[in-house]
Amino acid sequence: MDLASEFPLNENIIHLNHAAVAPWPRRTVEAVQRFAEENMRQGSLDYPRWVELETVLRGQLAQLVNAPSPHDIALVKNTSEALSFVAYGLAWKPGDNIVTSDQEFPSNRIVWESLANRGVSLTQVDLNSNDSPEQALIDAVDEHTRLIAISSVQYGSGLRIDLERLGRFCHEQRILFCVDAIQSIGAHEIDVSACHIDFLAADGHKWMLGPEGLGLFYCRSELREQLQLYEYGWHMVEAIGDFDRREWRPARAARRFECGSPNMLSAHALNASLSLLLEHGMAAVEQAVIQRSTHLCRTLASMRGIELISPVEDDRRAGIVTFRYRDRDNPEQFQRLSNQGLFCALRGGGIRLSPHFYTPMAKLDRTLELISAD
């Protein structure tokens, strides 16, 4: 596989911002071009084939998270929409609480805070209050806890959560387990079955190398009918395509969360991007991502004047590496690095780097040179 051909990035840019919005592979650009050309030439003549691609995409996403069936996957606009399906689909009682961390991206905080008017409280746990982040979350659970909501990887620090341990606890205690996996899927292997995950959400535009506007929502099959629906339309019914039928009921599959016309353009793009990851193999992708983040972490940790924010432990490391300068203005240093072609982000109290599996090691070495420069 010629990864350099798939990612012919501008030589003047070091792209280490996959935790924000990733570049598309060449095959994705070509898939979008073909789809646009087809639209121009013949409109929606082959719409049935587009619907088949939608089915293929659900299968790819199910494979990425080891879902029991593609029927467990809904195609959604974004992570926030998927989390809202959970927050406003469950039947809450006044006094219920939700446990999460104090490091969450707003998508995985605001939606739960919005339930306050229903008498639901949110406990935000300091993940550094215990030697184990999982134990810190577990210690915050009480008899009123209905759900634990956590990101698989924290967007600021890059801390990787042991989902299997947390999911096992939730399963044993009959607490619902909801995971924001946007910083994992496409970079790391993830298994919703082994981790007892009830709900999982992610966008396609980060590590999955796809476009904005299309993501996935996994819902454990036994829970689908427990989520009250608030969006209705032609696409979410069981007898899809039978437009003359007067009686209807929601689809048994997770498609029940897809109320209307699908984002076919993004579906073609994400399908192409995922084909690259699956051809390479997620085990190999993860190994390459960890190799790159480890190289950055170890070198940054040895640099004078640099404080590593990301965890140093191997089992906590993900694709995100965040650091800060001890004695320099970090926003100024971020701007200096940006001016020299390093495309990264200010996050988590420092400067965040996020290479992917295809990122050349030479680019990382150049990054480290820029960071250490006076």
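The model is predicted, so local features need pLDDT of at least 70, side-chain atom pairs count only at pLDDT 80 or more, and totals for chains, interfaces and linings use all residues. Residues are numbered from 1 along each chain as its sequence is written, and side-chain values use heavy atoms, with hydrogens and water left out.

**Pockets**

A pocket is an open set of points on a 1 Å grid over the protein atoms alone, where a 1.4 Å probe fits, with protein on both sides within 12 Å along at least five of seven lines; lining residues have an atom within 4 Å of a point.

| Pocket | Volume | Residues nearest the centre |
|---|---|---|
| Largest | About 370 Å³ | Val51, Thr55, Arg58, Ile240, Arg255 |

A volume here is the space filled by probe spheres set on the points, which are joined across faces, edges and corners. The largest pocket has 17 lining residues. Helix H3 (residues 47-65) gives the most to this lining, with 5 residues. Helices (H or I, at least four residues) and strands (E, at least two) are DSSP runs, numbered from the N terminus.

**Strand E7**

Buried means under 20% relative accessible area (1.4 Å probe, protein chains only). Phe199, Ala201 and Asp203 point one way, while Leu200 and Ala202 point the other way.

Two strands pair if DSSP finds at least two bridges between them. E6 (residues 176-180) runs parallel to E7, with 3 bridges. There, Val179 stands opposite Leu200. E8 (residues 215-219) runs antiparallel to E7, with 5 bridges. Cys219 in E8 is the bridge partner of Phe199.

Notes. Buried < 20%, exposed > 50% of the residue type's maximum accessible area, 1.4 Å probe, protein only.
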